Amino acid sequence: LRRTLQELRENHILPLQSELSGYAGFKKDERAFIFPNGSRLTLGYCDADSDVLQYQGAEYDVIGFEEATHFKEEWIVFICTALRTTKKDFRARVYYTCNPGGVGHAWVKRLFIDRAFREGERGEDYLFVPAKVYDNRALTESYPEYVTQLESLPDRLRKAWLDGRWDVFEGP
């Protein structure tokens, strides 16, 4: 999932149409890639409170939130009620990618950085894998100017996005 349909289109649909060409067909009306074995990669968005309802009653083995800190906590919690599977040999799971900052900052920081769990949340269900721009060699080798862009950001953004600091934003 991405926050907006435009982000979804630019960051996922268009690149995946190229990368999966010959491997999976794309059904535009469903925003889904269909593989020969019947597997589906469905792409979605959530830009407003009412958008969460499109996920009610659905069943997903895996859910991924791209830029999870752009989503409200209540949206993520609601959408994750669709995470379930009847497959005995598969554990349903959620993946989050994100940077510090944004409307979901406090929630992500609480769970993954501070590890301050509420009733019903289990620490073993949350694993933080930190990565910085320097870990993305494909990007830094093909476009080293990106690091310079991050270095020139205002202080708080630079500390968050270049250094991976979660303590420079309060979050709403």
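**Questions on a predicted model**

Student: Asp 29 has a relative accessible area of 67%. Is Asp 29 buried or exposed in this predicted model?

Tutor: Asp 29 is found in the loop that lies between β1 and β2. A residue counts as exposed when its relative accessible area is over 50%. With 67%, Asp 29 is therefore exposed.

Student: What distance separates the C-alpha atoms of Asp 29 and Val 52?

Tutor: Along the chain, Asp 29 and Val 52 are 23 residues apart.

Student: Which strands stand at the edges of the open three-stranded sheet, and why is one side of each left without a neighbour?

Tutor: The sheet has the order β1-β2-β3, with antiparallel pairing. Each edge strand has a single partner, so one side of it is left without a neighbour in the sheet. From one strand to the next, the twist averages 20°. The edge strands are β1 (25-27) and β3.

Student: Which residue of β3 does Ala 32 stand opposite?

Tutor: Strands of a sheet pair through backbone hydrogen bonds, in either a parallel or an antiparallel manner. Strand β2 (residues 32-34) and β3 pair in the antiparallel sense, over three bridges. The residue of β3 opposite Ala 32 is Thr 42.

Student: At about what angle to β2 does α1 run?

Tutor: Helix α1 lies across β1, β2 and β3. Relative to β2, α1 runs at about 20°.

Student: Which element gives the most to the lining of the second largest pocket?

Tutor: The second largest pocket has a volume of about 820 Å³. Its lining consists of 31 residues, and those nearest its centre are Arg 40, Leu 41, Thr 42, Tyr 60 and Val 62. At least two lining residues come from each of α1 (5-19), β3 (40-42), β4 (62-66) and β5. With five residues, the element that gives the most is β4.

Student: Which element supplies the largest share of the lining of the largest pocket?

Tutor: The largest pocket has a volume of about 1300 Å³. Of its 43 lining residues, the closest to the centre are Tyr 95, Tyr 96, Thr 97, Cys 98 and Phe 112. Two or more residues of the lining come from each of α2 (73-79), β5 (93-97), α3 (105-113), α5 (145-151) and α6 (155-161). The largest share, five residues, comes from β5.

Student: How many residues of the lining of the largest pocket are nonpolar?

Tutor: The lining of the largest pocket includes six polar and 10 charged residues. Its nonpolar residues number 27.

Student: Which elements do the buried residues of α3 pack against?

Tutor: Helix α3 is mostly covered, with seven of its nine residues buried. These are His 105, Trp 107, Val 108, Lys 109, Arg 110, Leu 111 and Phe 112. The elements against which the buried residues of α3 pack are α2 and β5.

Student: Which residue just after α3 takes a positive phi?

Tutor: The phi in question is about 55°. The residue that takes it, just after α3, is Arg 115.

Student: Thr 140 has a relative accessibility of 18%. Does Thr 140 count as buried or exposed?

Tutor: Thr 140 lies in helix α4 (residues 137-142). Leaving aside neighbours within four places in sequence, Thr 140 is in contact with Val 133, Tyr 134 and Val 147. A residue is buried when its relative accessible area is under 20%. At 18%, Thr 140 therefore counts as buried.

How values were computed: Residues numbered from 1 in each chain as written. Predicted model: local features only at pLDDT ≥ 70, side-chain atom pairs only at ≥ 80, totals over all residues. Heavy atoms only, no water. 1 Å grid on protein atoms, 1.4 Å probe; cavity = no way out; pocket = protein on both sides within 12 Å on 5 of 7 lines; lining within 4 Å. Points joined across faces, edges and corners; volume = space filled by probe spheres on them. Helix = DSSP H or I, 4+ residues; strand = E, 2+ residues; numbered from the N terminus. Nonpolar A, V, L, I, M, F, W, Y, C, P; charged D, E, K, R; others polar. Pairing = 2+ DSSP bridges. Axes fitted to C-alpha atoms, helices over the stretch in contact; angles between N-to-C directions. Contact = heavy atoms within 4.5 Å. Buried < 20%, exposed > 50% of the residue type's maximum accessible area, 1.4 Å probe, protein only.
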